Amino acid sequence: MSNVLRLVVLASGEGSNFQALLDAIESGSIRGARIEGLVCDVPGAGCVQRAVQHGIPSFILPGPARAKRGSPERLAYDERLAVIVRSWRPDYVLLLGWMRLLSQAFLQHFPERVINLHPALPGTFPGTHAIERAFEAFLAGSIEKTGVMLHLVPDEGIDAGPVLRFAEVPIYKEDTLEILTVRIHSVEHREVVAMVEDLARSKSINYFYEKEIANASRADFGL
């Protein structure tokens with residue numbers, strides 16, 4: 001790994017987390033990291049325009065329509081996606097609002113180097129519409145908070161890989177879905193920037209495991 005942390009972002013939507021990361025790097029808040037490229041699977045998505053505005057190379061690769069998981073069409077798509085991403089020689093691939101499941105045809109090329117952002121706490125609300133489902137659970141009296149997490153994507157499990165960071169997000173009785181969504185996105189931006197800052201400093205995913213072990217050890221001693 002070089003002195004500069006090389007990142008590739010995969011996104012499907014407006015790209016607000018992508019923008020938060022761009023801003024932090026350009027302002028010097030994050031040092032030693034660079035976004036090499038963006039891949040988007042939705043033509044016309046806002047993240048592409050953000051990449052253009054900041055001079056980030058981008059590639060639009062629409063997914064095969066109605067192709068089932070594990071089908072030859074999906075595997076061929078993931079293999080092509082891997083070729084594109086590998087051309088930027090990334091240290092890590094960040095899924096920031098990427099709405100497409102990745103198979104081993106892609107993941108095998110980036111072991112322990114694909115990181116996903118998910119708007120829920122570990123073990124809760126995997127898959128799509130996590131914020132909406134959390135809000136519905138709150139209205140039903142089942143939960144009082146939700147959160148966001150960043151986790152590794154080692155396989156085809158849905159939002160189930162080893163957790164690198166997570167943060168709780170409270171839900172208040174006066175909240176609407178729109179208010180909660182804004183609050184969650186704000187925490188997402190903060191956590192994405194903090195994670196990349198840690199990665200740029202340590203240059204290793206092991207930093208997160210070592211920190212987890214240290215925190216567990218301090219807890220054992222009541223610290």
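**View 1. Helices H1 and H2 come within 9 Å of each other, axis to axis.** The axes of H1 (residues 16-27) and H2 (residues 46-53) cross at roughly 20°, so H1 is roughly parallel to H2 (angles under 35 degrees count as such). Axes are lines fitted to C-alpha atoms over the stretch in contact, with angles from 0 to 180 degrees between N-to-C directions. Ser16, Phe18, Gln19 and Leu22 of H1 meet Cys47, Arg50 and Ala51 of H2 (contact: heavy atoms within 4.5 Å). The model is predicted; local features need pLDDT of at least 70 and side-chain atom pairs pLDDT 80 or more, while totals for chains, interfaces and linings use all residues. Residues are numbered from 1 along each chain as its sequence is written, and side-chain values use heavy atoms, without hydrogens and water.

**View 2. Strand E1 (residues 5-11) is mostly covered.** Seven of its seven residues are buried (under 20% relative accessible area, 1.4 Å probe, protein chains only). Leu5, Leu7, Val9 and Ala11 point one way from E1, and Arg6, Val8 and Leu10 the other way. Helices (H or I, at least four residues) and strands (E, at least two) are DSSP runs numbered from the N terminus.

**View 3. E1 pairs with strand E2 (residues 33-40) in the parallel sense.** The pairing runs over seven bridges (DSSP must find at least two for strands to pair). Leucine 7 stands opposite isoleucine 35 in E2.

**View 4. Strand E6 (residues 145-152) is joined to strand E5 (residues 114-118) and to strand E7 (residues 163-170).** Four bridges join E5 to E6, antiparallel, with leucine 117 partnered by leucine 150 of E6. Seven bridges join E6 to E7, also antiparallel, and methionine 149 stands opposite phenylalanine 166 in E7. Seven of the eight residues of E6 are buried.

Definitions and conventions: Parallel < 35°, antiparallel > 145°, perpendicular 65-115°, else oblique. Buried < 20%, exposed > 50% of the residue type's maximum accessible area, 1.4 Å probe, protein only.
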